[in-house]
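Subject: Structure handover

Hi,

Here is the structure for your files. Please open it alongside this note.

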Amino acid sequence: MNGFLTTHVLDTAKGCPAAGIQIELFRYENGLAVKLGDAVTNADGRTDSPILPKEDFALGQYELVFHAGDYLRRTGQAGQAPLFLDVVPIRFGMSQDDHYHVPLLLSAHGFSTYRGS
C-alpha cells in the first residue's frame, strides 16, 4: 500500500504550532484498540515523520489520542482542575490507499479536526 498518516497540532488560542504534545496511535481490530506507536510534536506542531508510515499502512479504523492537558498546563492555558480538555481522542476510518492528514486545532475550551491534505 502507498497510503500513510500524518498529523499536527495548532494552538488556535495563541495562533501558533503546539510543540511537545504526546500523540498515541491505535488501530481497532475486532473492536479492540491495538497501540501502533506514539510521537511528540516538534516546534512546528508536527511529528518528525508520518505517525503511520507507508510500510505499516492498512485500511481500517484508527484513533489518535492527543495528550493536550500537559501542553495546556505548560503554556499557562489550563485553568482550574479538572481541565475541560486533557486527553483528546479522535477516531476515524481510512478506507482508501491514500495520504490521510488528521490535524488537531486546539484551545483550552475547544478543538476541531478535519481531513487535511
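Predicted model: local features only at pLDDT ≥ 70, side-chain atom pairs only at ≥ 80, totals over all residues.

Numbering starts from 1 along each chain as its sequence is written, and side-chain values use heavy atoms, with hydrogens and water left out.

The sheet

An open sheet is formed by four strands, in the order β3-β2-β9-β10, with mixed pairing. β3 (16–17) and β10 are its edge strands, each pairing on one side only. Strands are DSSP runs (E, at least two residues), numbered from the N terminus. Two strands count as paired if DSSP finds at least two bridges between them.

Strand β2 (residues 9–11) runs antiparallel to β3, joined by two bridges. There, D11 sits opposite C16 of β3.

L106 faces F111 in β10. A hairpin through two residues links β9 to β10.

F92

F92 belongs to strand β7 (residues 87–94). Its relative accessibility is 12%, so F92 counts as buried. Buried means under 20% relative accessible area, with a 1.4 Å probe and protein chains only.

What does F92 touch, leaving out residues up to four places away in sequence? The contacts (heavy atoms within 4.5 Å) are L5, G60, Q61, Y62, E63, L64 and V102. Y28 lies 64 residues from F92 in sequence, and 10 Å away in space, C-alpha to C-alpha.

Best wishes

How values were computed: Buried < 20%, exposed > 50% of the residue type's maximum accessible area, 1.4 Å probe, protein only.
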